[in-house]
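Visitor: I'm new here and would like to learn how to read a few features. Could you walk me through them?
Guide: Happy to; let's have a look together.

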Amino acid sequence: MIAFSLINMYAAFTLRDRINEGLYQKCLPLIALIFGVLWAIIFFNMLNDFYQPTVTMVILVIILLPATITFYISRLLLTLFCIPIVVAMVYGEILTPLKFTLLQGLGTAIILIVVLSARYILLESYQRTQRSEYEKNVLIKKLVRLANYDTLTGLFNRHSLTEAFARNVRQLEQNSKSMFLIVLDIDFFKQYNDMYGHIEGDKCLIRVSRCIEQSLRKASDAAFRFGGEEFVVLAVCDNIHNAVDIGKRIQHALANARIPHKGSTISARVTLSQGIAQWHPEMTLEALVEFADKQLYLAKRQGRNRICWDKHSPK
C-alpha cells in the first residue's frame, strides 16, 4: 500500500503539467481499483487475524467512508474502489468457515447504505454549490455588462469611456502614437423619431452602432454611446489622417446600410456629422470631448454629413 501510494504520488508529480490533457485522469479508474484491491487484501487478513464483529464493522467504516468523501463526485471511481473490499467482506464471512451472524450481515448492509447515502448527500451539496457559483458568476457578468455597456446598442457606455481614456493615456506614455476622439451625431434624428416613431428610432440607433463597430480596427479603437443619438470613438493612431480614415469608413458603412430618412433635408438616407480632436499630454477627457464637440458643431454648420477635425490643436 505504501509503495503503491509513493508510486502514485511520483506519477502525479511528474504529470502535473499534463493533467489538463487528461493523461492522469485516464489512469484514475485503474488507480482506484488497485487501491481497492490492496485495501481488500489488508481487510481480509485483518478479518482472519482479529475476527470480532465489532472490529470488522469499525474497519469497514474506516475504509469506506473516507473513500466516499474522496470519490463522491465519480460513481465509477467509488464503485471500483468499493467492489474489491465488499467481495473480501463477503468471502471472509460467508464462503470461509468463519462464524457469520445475521447481525454482522445487517451491519454490513447498513454500512453500505450509509456509504451510498453519504455519497448522495455530498453530491447534492456539491451540485448546489456549483449551481450557486454559476448563478453568481452569471449575475456578476450581467452587472458588469450593465455597468459598462449600453443596453440598447451593445456599445460601451459613457462610464466605460472614462476608464478607456485613462487606460490609453497610460499606454501612450510608453509609445509615440497619439489618441483621437471622434464625436458622431445622427443628422436630424429628432425628425426621424417624429416621422417613424421611437421604436423605429431605437432600431436606427442599433443599425448605426453596428456600422460604427464594423468600421473600427479591433485592437486600437473602441466605440461608445455617449447619449441619445450621439456616439464617441476613441482611437489610438499614428496621425490625424488615420483618425479621419476611421470616420470615412463609418460614413461608407452607413451609406451602404441605406437607412431611409424622409425627415432629413440633406439626404434620403440617415447620415452622420463627425468632429475629431487630438489628445495632448495633460489634457483631460472633458477637455478632449469639448474640442471634438466644437468640430462636430462646425460640421453641422457647414451642412452636416461631413467630418471636421481640429487642425490647430491646443497647446
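Visitor: Over which ring does the charged end of Arg 158 sit?
Guide: First, a word on what you're looking at: this is a predicted model, where local features need pLDDT of at least 70, side-chain atom pairs count only at pLDDT 80 or more, and totals for chains, interfaces and linings use all residues. Residues are numbered from 1 along each chain as its sequence is written, and side-chain values use heavy atoms, with hydrogens and water left out. Now the idea: a charge sits over a ring if NZ of Lys or CZ of Arg is within 6 Å of the ring centre and within 35 degrees of the ring normal. Here, the charged end of Arg 158 sits over the ring of Phe 226, 3.9 Å from its centre. Arg 304 does this too, with its charged end over the ring of Phe 188, 4.2 Å from the centre.

Visitor: And how many aromatic pairs are there?
Guide: A pair of aromatic rings is described by the distance of the centres and the angle of the planes. Rings of Phe, Tyr and Trp (its six-membered ring) pair if their centres lie within 6.5 Å; planes under 30 degrees apart are stacked, over 60 edge-to-face, and the rest tilted. That rule gives 7 aromatic pairs. Take Tyr 72 and Tyr 126: their ring centres are 6.2 Å apart and their planes at 75°, so this pair is edge-to-face.

Visitor: Is Tyr 72 buried or exposed?
Guide: Buried means under 20% relative accessible area, exposed over 50%, and partly exposed in between (1.4 Å probe, protein chains only). Tyr 72, at 16%, is buried, and Tyr 126, at 30%, is partly exposed.

Visitor: What kind of pair do Phe 189 and Tyr 192 make?
Guide: Their centres are 6.1 Å apart and their planes at 5°, so the pair is stacked. Phe 189 and Tyr 192 are 3 residues apart in helix H7 (residues 189–196), about one helical turn, and both are buried.

Visitor: Which residues do ring pairs link into a cluster?
Guide: Those are Tyr 149, Phe 156 and Phe 224.

Terms used. Helices (H or I, at least four residues) and strands (E, at least two) are DSSP runs, numbered from the N terminus.
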